[in-house]
Amino acid sequence: MDFECGWAGKLLWVDLSSGKYFTEETRDYLPEYLGGRGMAAKIAWDNLIPGIGEFDERNLLMFMTGPLGGTLAPAAGRGYVFGIAPQGYPPHYTRSGFGGKWSSILKFAGYDGLIIKGRAESPGILLVEDDQIHIKNGRRYWGQDTIETQKILQAEFGLDAGLIVIGPAGENLVRIATINSGANSVAGQGGFGAVMGSKNLKAIVIKGTKGIKVYDGDRLLNLRKECVRLMGDRQERPREVKKISTHSSIEWQTKDLIDNGELEKVTMAYTPCTACPLRCRASGMNNQRFFKNVPGVSHQGLLSGAVKCSDFNTMSWGSNVKRERKKIREKLGRDFRFNIGFRAGFETVNLADRYGINIWEFNVMQVWLTECKMAGINLEPILGMPFDENGHLFWQTLLRKIAYKEGIGAVLSEGVARAGKELGEEIGAHSLHAAHGFAHHGLGTHNYAFLRFPFWVPVALMWSTDTRDPMSDTGHKYCFDLVLNPDIKKSEDIALSFYGSDKTLAPHPNEIPHGELTPELLDLAYLDKEKVAVRHQNRSMVNGSLILCDGAFPLIFSPVTDDGFGDTAMEAKLLQAVSGIEIDEAGLDRMGERLFNLERAISVRDGRTIKEDLSIVPGLETSGDWSRGIKLDGSRYEKLLKKYYLERGWDPETGVPSKDKMDELGLVEVAEKLDLHDP
Amino acid sequence: MSSATERKKTARVPLSGVIAFDPEICTGCGSCELVCSIAHGVESNPSLSRITIYYNPLEADAVHDVCQQCHYPSCLYACPVEAILIHGESGARYIDDDKCTGCGLCYKACPFTPERAMIKVREEGGEDKYYKCDLCKDQQDGPQCVQICPTEALILVQAKSRKKRKKTIINNRNRNGF
């Protein structure tokens with residue numbers, strides 16, 4: 001097998017310290033490491049040995065693509081960045097995905113991955129034009145925000161150049177700094193912007209004129225059509241969203257625009273990744289929009305930018321969970337409401353993007369601080385300014401302080417996990433840090449209050465055993481396709497077939513309307529949930545390697561079929577059509593399992609045990625389900641975690657993969673290096 | 001008016017269809033570029049595409065360049081080796097790869113040069129080959145970019161629905177010896 005189709009063929013290594021670069025053949029990693037997450041895991045296992053810190057010169061910043069990128073495969077335009085993440089608590093190897101066009105342009109330049117090590121002596125930018133690689137002086141860009149930097153680079157290199165940049169937050173090593181591409185594609189979680197900043201690298205500019213060979217173009221086109229068909233009526237004609245007022249889901253948020261009669265100036269657009277027909281509507285996350293010409297409030301002029309789930313929640317708390325808010329108020333006795341309004345809120349999220357600050361972390365900070373205020377804590381002495389949850393100027397000032405590490409910003413710039421510890425127990429108790437350095441995401445709290453118990457139990461399990469929050473590239477489809485599906489019967493049928501158990505969605509939250517749980521219901525809630533976690537993690541590993549969007553794949557549900565079944569073998573079919581490799585769904589799943597175990601081996605080598613996996617428990621025992629107040633049952637959860645270990649073939653007492661399992665998966669060398677023994 | 005080329009200049013060529021583009025609904029995904037490069041070759045490669053999308057990710061604005069299939073195709077008149085031909089059904093003005101010598105006169109003659117990339121050039125076996133939109137004359141279902149466009153921002157305007165040549169212009173041209 002020559003692996004000529006699908007992959008671009010080379011991995012580019014650039015050492016910023018020496019200014020030298022070399023390439024490696026991608027086929028050396030094929031087929032067992034596939035691409036993206038799999039290939040990065042192999043490189044990390046070989047290079048990121050314990051002791052390498054997040055801002056260490058030896059830390060690698062790996063931008064990876066997959067075999068489907070740059071082809072007509074649907075939802076295949078995304079890319080990943082890997083490395084030791086500063087946001088991790090403690091810093092550890094993890095990943096962050098981003099959309100846009102940069103990743104496919106990297107492939108058109110001839111590279112499946114770009115791996116950066118070392119540190120430039122002075123601020124620089126990396127320019128890759130096919131085989132020409134230059135590290136250029138980047139002084140004139142340093143200090144500029146992400147949008148302005150890109151405008152200058154666009155003027156210099158043209159619109160066909162793929163750009164990724166960091167903002168002031170990344171330069172200042174803020175642990176929640178992002179890497180941005182365009183006005184809406186951001187590698188947010190992990191704080192990889194700070195890694196890029198620590199390497200003195202302001203931007204990476206790629207221009208490519210090469211092509212990706214496709215094994216069977218006609219079949220790929222047919223599969224693409226089939227995918228679009230299976231996504232069904234969630235497709236929306238762009239003409240229909242021209243007028244904001246016709247769009248109910250965001251109407252209430254844009255009310256101040258409507259009232260001021262400024263609606264006419266604002267238009268909306270879609271900003272899909274390369275060749276994607278789905279426009280971020282694949283999984284029901286239909287509130288992703290690109291707004292143009294929104295008038296500023298404290299800044300003159302018109303602003304453009306994308307608004308996603310977390311952005312809407314930054315503008316106004318509870319925009320995703322309107323229906324749950326009443327319940328939250330009843331159950332917790334507090335209303336967490338803050339409302340900056342659409343225009344001022346848009347300006348605020350735009351500012352976060354410009355500084356390069358992770359909006360999810362910032363949004364959690366908003367909820368955290370508001371909650372502290374509701375609990376009667378006087379925040380003024382700590383913040384150094386009056387706390388004004390409805391004032392956009394307050395939040396914008398806070399963003400500036402975080403980006404430049406001024407005053408309270410220096411504490412908050414370390415991320416929710418560290419700031420929670422730093423600010424003392426009283427304030428820290430509200431911090432919403434879940435585990436591994438990542439703030440609550442899909443655990444039945446704040447933005448995800450619609451995810452009711454027991455649906456967040458598998459999410460917690462995925463979180464426990466992963467290196468970051470799973471509700472992005474691992475569990476999205478579980479949430480949006482099954483849990484939120486109004487047709488419970490269909491969901492249960494799909495769950496039975498996909499997870500292999502009909503108890504994976506049981507008991508349904510409607511059976512426990514007021515949150516009173518009997519022991520039987522509790523047992524049921526912790527039954528078979530490990531199957532959900534294992535299945536989605538393995539599949540996420542495959543999709544992260546191919547790279548397919550987590551919003552679209554796996555296609556477990558389709559609104560157009562009678563029984564609701566999608567096509568979970570679609571990934572394998574797409575890989576066949578693009579690369580010509582003969583592989584089926586089961587084969588890909590085995591590959592996913594193998595690669596997930598390799599990622600686990602990296603964690604274990606860094607000292608990960610069951611103790612770290614269980615670190616999510618104390619928080620969930622106190623926060624619990626916001627809409628009904630159900631909290632995690634620690635002992636039942638620990639048993640469930642051990643069942644998960646058994647399902648994975650790991651040691652149930654320590655969470656370390658067993659030698660037998662590693663041998664079975666063909667990871668003999670890894671097992672030897674980890675010094676695993678037979679039990 | 002004696003040589004074949006001169007005679008050709010006086011010839012009225014049949015009207016052609018053209019690919020029209022609506023920048024308001026184009027999302028800039030670039031599917032058209034990829035499918036074009038595959039339909040005319042083997043690779044998925046936007047730089048070999050005959051349609052070019054200029055997409056600005058900061059403003060979500062997209063504009064496109066694709067051959068306008070002129071009523072009076074300067075490229076066709078300019079080609080010294082008659083490598084630019086008219087396709088029977090669609091009327092597309094297309095470049096015959098085998099005949100193209102790579103002289104570049106068509107590129108120079110194109111009224112959109114150099115601002116817009118209607119005619120592009122690639123290197124093939126040490127020779128320059130010029131290429132441009134041929135309305136997918138070899139495909140049964142017509143232009144592939146139109147077929148794949150997820151938002152129907154690209155539309156094929158048939159020859160018969162294009163604005164007819166104005167008689168006065170033709171007369172003027174005839175008077176001026178064209």
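Modeller: The axes of α18 (residues 456-465) and α27 (residues 634-648), both helices of chain A, come within 11 Å and cross at roughly 60°. This is a predicted model, where local features need pLDDT of at least 70, side-chain atom pairs count only at pLDDT 80 or more, and totals for chains, interfaces and linings use all residues. Residues are numbered from 1 along each chain as its sequence is written, and side-chain values use heavy atoms, without hydrogens and water.

Biologist: Which residues of α18(A) meet α27(A)?

Modeller: A:Val457, A:Ala460, A:Leu461, A:Ser464 and A:Thr465 do, and on the α27(A) side they meet A:Tyr637, A:Leu640, A:Leu641, A:Tyr644 and A:Tyr645; contact means heavy atoms within 4.5 Å.

Biologist: OK, switching to the chains. How much do chain B and chain A bury between them?

Modeller: About 2,700 Å², with 59% of it on carbon and sulfur atoms; buried area is the accessible area (1.4 Å probe) that two parts lose on being put together, summed over both. In chain B, B:Ser44, B:Tyr55 and B:Leu58 lose the most area to chain A, together 21% of what that side buries. The contact takes 30 residues from chain B and 38 from chain A.

Biologist: How many salt bridges across that interface?

Modeller: The rule finds 1, counting a side-chain nitrogen of Lys or Arg within 4 Å of a carboxyl oxygen of Asp or Glu. A salt bridge joins the side chains of A:Lys292 and B:Asp61, at 2.8 Å from N to O.

Technical notes. Chains are lettered from A and ligands numbered from 1 in the order in which they are written. Axes are lines fitted to C-alpha atoms, for helices over the stretch in contact, and angles run from 0 to 180 degrees between N-to-C directions. Helices (H or I, at least four residues) and strands (E, at least two) are DSSP runs, numbered from the N terminus.
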